[in-house]
Amino acid sequence: MVRANPPSFLSNPLLAIQHTFSPYSARDKKGLARSEWFAQEGSGYNLLQRTKPQTIGYALADSPVALLAWIYEKLHDWTDKYPWTDDEILTWISIYWFSTAGPAASCRIYYEAVHSKDLPRTKASGWIGNVKLGLAYFPRELTVVPKSWGRTLGPVCYESDNATGGHFAAWETPEVIVKDLREMFGKKGGAYGVIKGKKGYDGNEARL
């Protein structure tokens, strides 16, 4: 998920000029509408989990039906009409239910993320200049921002704009993720050789 803000003249002057004088495309408008829907109608879970995680945690750990309802809502709303099978749904729910940490752990991380003094979550929405960045855009992601916003996060070396997919794109369209990784880290990709002394290849074969 690309979490980013509009470019500002103070921190991203060139992007800010581009953003100011470039009208939003139809894709941008649809993406911002999706983002607005999520902020207004789809983010109640976030507020609860980052403020009172243990309260909902008890309910999810006590009732398999409550856990099913809590997770399935996201599987439905956060994907691009993905045809979930019963086995897939039960597999996802089982990961939460049978894990050692239990369902409450998945709520607690939201609280930890916003209450951390050493690494506040807002830092992830700002410029990180020493890490090459690849961005994949999916129309049914929770926030879908214009590309000029995404480029405020760091030195973008790869972008893909996809016609389908949502928050769980790696499950919905795994072939897209594989393609992106191969192109980004391949011999002609922007992140090729990003780790000093490592190329990601055994001879001529990629290790992806």
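Analyst: Helix axes here are lines fitted to C-alpha atoms over the stretch in contact, and angles run from 0 to 180 degrees between N-to-C directions; helices (H or I, at least four residues) and strands (E, at least two) are DSSP runs numbered from the N terminus. The model is predicted, with local features requiring pLDDT of at least 70 and side-chain atom pairs pLDDT 80 or more, while totals for chains, interfaces and linings use all residues. Residues are numbered from 1 along each chain as its sequence is written, and side-chain values use heavy atoms, with hydrogens and water left out.

User: At what angle do helix α4 and helix α5 pack, and how far apart are their axes?

Analyst: Helix α4 (residues 53-62) and helix α5 (residues 64-77) pack at about 115°, and their axes are 5 Å apart. The contact (heavy atoms within 4.5 Å) is made by I56, A59, L60 and D62 of α4 together with P64, A66, L67 and W70 of α5.

User: What makes the meeting of the R27 and D28 side chains a salt bridge?

Analyst: The term requires a side-chain nitrogen of Lys or Arg within 4 Å of a carboxyl oxygen of Asp or Glu. The R27 and D28 side chains stand at 3.0 Å, N to O, and therefore qualify.

User: Why is D28 called buried, and why is R27 called partly exposed?

Analyst: Buried means under 20% relative accessible area, exposed over 50%, and partly exposed in between (1.4 Å probe, protein chains only). D28, at 12% relative accessibility, therefore counts as buried, whereas R27, at 23%, counts as partly exposed.

User: What makes the pair R151 and E159 a salt bridge?

Analyst: The side chains of R151 and E159 meet at 2.8 Å, N to O, so they meet the criterion as well. Salt bridges that share partners join R27, D28, K147 and D161 into one network, and the search of the whole structure finds 7 salt bridges.

User: Why is F21 called exposed?

Analyst: F21, which is found in helix α1 (residues 13-21), has a relative accessible area of 67% and is therefore exposed. Together with F9, L14 and I17, F21 makes a nonpolar surface patch of about 510 Å².

User: What is the phi of K81, and why is K81 called exposed?

Analyst: K81 has a positive phi of about 55° although it is not a glycine, and most residues other than glycine have a negative phi. K81 lies in the loop between α5 and α6 (86-98), and its relative accessible area of 80% is why K81 is called exposed.

Methods. Patch = residues over 30% accessible without salt bridge, like charges linked within 9 Å, V, L, I, M, F, W, Y side chains within 5 Å. Areas by Shrake-Rupley, 256 points an atom, 1.4 Å probe, with all protein chains shown as cover.
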